[in-house]
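User: Hi! I am new to protein structures and would like to learn how to read one, feature by feature. Could you walk me through it?

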Amino acid sequence: MSIPASHLAAEVATQPDDWARAEATAAAHRHLLPVSGERVAVLGCGTSLFMARAFAALRESDGQGLTDAWPAGEPRLARSYDRYLVICRSGTTTEVLDAISTLPEDIPRTVLCSSAGTPVLDLADPILLDEVDEHSVIQTRFATTTLALLRWHLGEDLRPVVGQARVALAENAAETLANVRHAEQISFVGMGFAAALADEAALKLRESCRFWTESYLATEYRHGPISIAEPGRAVWALGPLPPGLTDDLRATGAHIEHRGVDPMAELVRVHRLCALRAADLGLDPDHPRNLARSVILS
């Protein structure tokens, strides 16, 4: 079975090219992005918050400076920061607009957004990524391209990651995802920046096909969540696993989905599973139940 046509499927398919182009975008806007040693706070909601957390983990692990990621609905701004980054696809999310209005006016602030002509672009120095804007309510390529841009800015060479994503997209998804396509439940696990992408992976499946998913820091999985692992369910690991966890998972009888690829490339496989499972259930992955493109509060 091929993946049915949808905005989601089409937008997922552009990601490798989007990530490759992000190298030039990062270079063109380097003056708006954190320099090494700056104390940085990154704000976002939902998927954008997960990308903020991934960037924070990568930047700190690379020794480039303290980096906090805060939900826009509950930012902790009493700390002293040298720069603020805001991630907001729609440019209209109420909690994001409210959070920006509380930022100190003398501290540089940058917003990454894909929606031209929206209010958020007037509240911070903008990096407009309108070429990766999406018709689907579900975020895929805007989020991963934002993270790719930030990773290029940190000095990473993402060409191998782009290649891994192209491989994932060239595969027969019905075959390579067979062990998770009909799983009763999936728990995503990861370490470092992959922990944030595990949260994002679980969210994508909940949004697109109302599927029971959970997500955990991989070292925390043995501290309780492993109790739900059993035959017919799956644990999907993004990035390296802690020593011994694979043996513990095998003992549960649950399927282990794990490849030795970059977690961002592995997220592409999750995106493809979203489209497959939505088709299996007769759901529209572009218009999830109870969700809109932006959360606008009265």
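This is a predicted model: local features need pLDDT of at least 70, side-chain atom pairs count only at pLDDT 80 or more; totals for chains, interfaces and linings use all residues.

User: Let me start with one residue. Leaving aside its neighbours within four places in sequence, which residues is A237 in contact with?

Analyst: Contact here means heavy atoms within 4.5 Å. Once neighbours within four places in sequence are set aside, A237 is in contact with V189, E257 and H258. A237 itself sits in strand β8, residues 234–238.

User: Is A237 buried or exposed?

Analyst: The general idea is a cut-off: buried means under 20% relative accessible area, and exposed means over 50%. A237 has a relative accessible area of 2%, so it counts as buried.

User: How do I read a whole helix? How many residues does α3 have?

Analyst: Compare its reach with what is expected from its residues. Helix α3 (residues 47–61) has 15 residues and reaches 21 Å from its first C-alpha to its last, close to the 21 Å expected at 1.5 Å a residue. Just after α3, G63 takes a positive phi of about 75°.

User: Why is α3 described as largely enclosed by the rest of the structure?

Analyst: Count its buried residues. In α3, 11 of the 15 residues are buried, so the helix is largely enclosed by the rest of the structure. Among them are F50, M51, F55 and R59. The elements covering the buried residues of α3 include β1 (40–44), β2 (67–71), β3 (83–87), α5 (141–153) and α9 (193–209).

User: Which residues are buried in α4?

Analyst: In α4, the buried residues are T94, V96, A99 and I100. Their cover includes β1, β3 and β4 (109–113).

User: What about H271? Which helix does it lie in?

Analyst: H271 lies in helix α11. Its relative accessibility is 2%, so H271 counts as buried. Apart from neighbours within four places in sequence, H271 is in contact with V12, Q15, T140, T144 and K204.

User: Next, backbone angles. What should I know about phi in residues other than glycine?

Analyst: Most residues other than glycine have a negative phi. R210 has a positive phi of about 55° although it is not a glycine. R210 is in the loop between α9 and β7 (213–217), and at 48% relative accessibility it counts as partly exposed. N290 is not a glycine either, and has a positive phi of about 70°. N290 is found in the segment after α11 (263–281), and its relative accessible area of 75% makes it exposed.

User: How do I read a pocket? How much space lies in the largest one?

Analyst: Start with volume, then turn to the lining. The largest pocket holds about 400 Å³ of space. Its lining has 22 residues, and the closest to its centre are C45, G46, Q139, R293 and V295. The lining divides into 10 nonpolar, 7 polar and 5 charged residues. At least two lining residues each come from α3, α4 (94–101) and α9. The largest share, 3 residues, is supplied by α9.

User: Finally, where does UniProt place the feature "domain: SIS"?

Analyst: The UniProt record, an unreviewed entry, places "domain: SIS" at residues 173–298. Over residues 173–298 the chain is 41% helix and 15% strand, with the end C-alpha atoms 42 Å apart.

How values were computed
Residues are numbered from 1 along each chain as its sequence is written. Side-chain values use heavy atoms; hydrogens and water are left out. UniProt positions are given in the numbering used here, feature names are shortened, and annotations may be inferred rather than shown by experiment. Helices (H or I, at least four residues) and strands (E, at least two) are DSSP runs, numbered from the N terminus. The expected span of a helix is 1.5 Å times one less than its number of residues. Buried means under 20% relative accessible area, exposed over 50%, partly exposed in between (1.4 Å probe, protein chains only). On a 1 Å grid over the protein atoms alone, a cavity is a set of points where a 1.4 Å probe fits but cannot get out, and a pocket is an open set with protein on both sides within 12 Å along at least five of seven lines; lining residues have an atom within 4 Å of a point. Grid points are joined across faces, edges and corners, and a volume is the space filled by probe spheres set on the points. Ala, Val, Leu, Ile, Met, Phe, Trp, Tyr, Cys and Pro count as nonpolar, Asp, Glu, Lys and Arg as charged, and the others, Gly among them, as polar.
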